[in-house]
Every structure is written in structure tokens, then in C-alpha cells.
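Please look over the chain shown here before reading on. The briefing below is meant to be read beside the coordinates, topic by topic.

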Amino acid sequence: MSKVRRIAIFASGNGSNAEAIMNYFNHHSQLEVVILLSNNQGAFALERAKKFNVPTRVFDKNQFRDSNEVINWLSEFEVTHIVLAGFLWLLPEKLISLFHSRIINIHPSLLPKFGGKGMYGLKVHQAVKAAGETETGITIHEVDPMYDEGKILFQTSCKISSSDTPELIASKVNGLEYNHYPKIIEQWIISRDTNT
């Protein structure tokens, strides 16, 4: 029996992806979500974590960027991998270095299109609509020091029509996220452990 890998989720807002992930790994034999962290005291993701008895922590910019407090929490919970689920801040390089190739993120477009600083949530879907795209999708990637530029692990797309609103595009993309992100996280962690 292999060692259980311990996941920390970082989320800034509603937390629907975080809930899908916590639900998927609830009672998993090899992977466990052990903590959810947020930079937003009002994030609904914190409430979602309670349903799964996942501990939570909230931090501010100083705790995140200028101290080791968040890193110490990760150590306290023996975290092995980090999953970003709607987390809006750029990660400090010391955190990326400490968890090199062990941080994963999802972006609601087909990168490299519609990525980068400021491109998140409905803003992405509004940009997709404004550009007249006929398809969009999700990109799951490893995290490096730049927004949305890490190694791409998985992409899948969905068709959109000229009559689709940004909200309808978001709904289509959300379906892809919930269906694929937990499974890709699972494959990514287990395959890396098998190959190392």
C-alpha cells in the first residue's frame, strides 16, 4: 500500500471546484485533502470545506508573501501537493520552489489564449465571447512563477455559439472543470509517484 498523499487546496471565492475535488477524494485510498486555505475571509469555499471536515486557514498578503506562516501551515499538515481552485494571487517563488512540480492549477480557457494577470472567472468568458470564438475549454497545468504559463497537463474543449452569453459559456466550462479536474489531479499525483 503506497503512502497517502496529502493535498492542500487554495481557493479565493465560491469554491465549486474545491467542493468537487473534496468530494472526489473523500474516502480515497491514496489521496486526501487535508486543508483548504484562502486569502478571503468571506470565501464560500471555507463553508464547503466544513461539509467534508476539512480544516481551513485564512491568510493576508503579509502572511502569504512576507512570512513563512502559510508554509508552516503546509508543513504542520504534512502537505505533499498543492491544488489551486479559483485562487487569484500569484504564488511566491519560495512556495513554488518548495513544492516544485507539485502545484497544479486549472484555467477556464484553452491556454495560451485568454490567460495571464487579471484573466479569471467571468472576465475570461467575456473575453472569449468578445473575440467571437467558436470553442473554449479548460487547461490544467503545473504552476510556475508566471500566471498561466506552467507545463500543460490536459486540455479539453466545448463548442460555443454566437448566441451564448458569457454566463452560459461559464456554465459549459464549469461542467468540464468538475468532470475532469479531480481525475487529472489523481492521475498527475499517482503517475508522478509511480515514476519517481
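What follows is a set of lead sentences and then grouped points on this structure.

The model is predicted, and every value quoted here is computed from it. Its seven-stranded open sheet has mixed pairing, with the strands in the order β3-β2-β1-β4-β5-β6-β7.

- Strand β5 (residues 103-107) and strand β6 (residues 135-142), by contrast, run antiparallel and are joined by four bridges, with Ile104 standing opposite Glu142 in β6.

- Helix α1 (residues 16-25) is largely enclosed by the rest of the structure, because seven of its 10 residues are buried.
- The buried residues of α1 are Asn17, Ala18, Glu19, Ala20, Ile21, Met22 and Phe25, and just after this helix His27 takes a positive phi of about 70 degrees.
- Helix α2 (residues 44-51) lies across β2 (31-38) and β3, and runs at about 150 degrees to β2.

**Asp148 and its surroundings**

- Asp148 is placed in the loop between β6 and β7, where it is buried and yet has no salt bridge, the nearest side chain of opposite charge being that of Lys117 at 12 Å.
- The side chain of Asp148 does, however, reach the backbone nitrogen of Gly116 at 2.8 Å.
- Leaving aside residues up to four places away in sequence, Asp148 touches Asn105, His107, Leu111, Gly115, Gly116 and His141.
- The C-alpha atom of Asp148 is separated by 7.8 Å from that of Pro112, although the two residues are 36 apart along the chain.

**Backbone features in the loops**

- Pro112 belongs to the loop between β5 and α6 (122-130), and a cis peptide bond with omega of about 10 degrees joins Leu111 to Pro112.
- With a relative accessible area of 78%, Pro112 is exposed, because this value lies over the 50% cut-off.
- Phe114, placed in the loop between β5 and α6, has a positive phi of about 60 degrees although it is not a glycine.
- Ser101, in the loop between α5 (93-98) and β5, likewise has a positive phi, near 60 degrees, in a residue other than glycine.
- Is Ser101 buried or exposed? Its relative accessible area is 19%, which is under the 20% cut-off, so Ser101 counts as buried.

**Salt bridges**

- The structure holds eight salt bridges, and one of the contacts of this kind is between the side chains of Glu76 and Arg57 (3.5 Å, N to O).
- Because Glu76 lies in helix α4 (residues 69-76) and Arg57 in strand β3, this pair ties together parts that are 19 residues apart in sequence; Arg57 counts as partly exposed at 24% relative accessibility.
- Lys113 forms a salt bridge with Glu133, in which the closest N and O atoms are 3.0 Å apart.
- The side chains of Lys172 and Asp164 meet in a salt bridge (2.7 Å, N to O), in which Lys172 counts as partly exposed at 30% relative accessibility, whereas Asp164 counts as buried at 4%.
- Glu19, Arg48 and Lys51 are linked in a network of salt bridges, and Glu19 is also one of the buried residues of α1.

Notes:
Residues numbered from 1 in each chain as written. Predicted model: local features only at pLDDT ≥ 70, side-chain atom pairs only at ≥ 80, totals over all residues. Heavy atoms only, no water. Pairing = 2+ DSSP bridges. Helix = DSSP H or I, 4+ residues; strand = E, 2+ residues; numbered from the N terminus. Contact = heavy atoms within 4.5 Å. Axes fitted to C-alpha atoms, helices over the stretch in contact; angles between N-to-C directions. Buried < 20%, exposed > 50% of the residue type's maximum accessible area, 1.4 Å probe, protein only. Lys, Arg positive; Asp, Glu negative; His and termini not counted. Salt bridge = Lys/Arg side-chain N within 4 Å of Asp/Glu carboxyl O. Polar contact = N/O pair within 3.5 Å; in protein donor to acceptor, adjacent residues only side chain to side chain.
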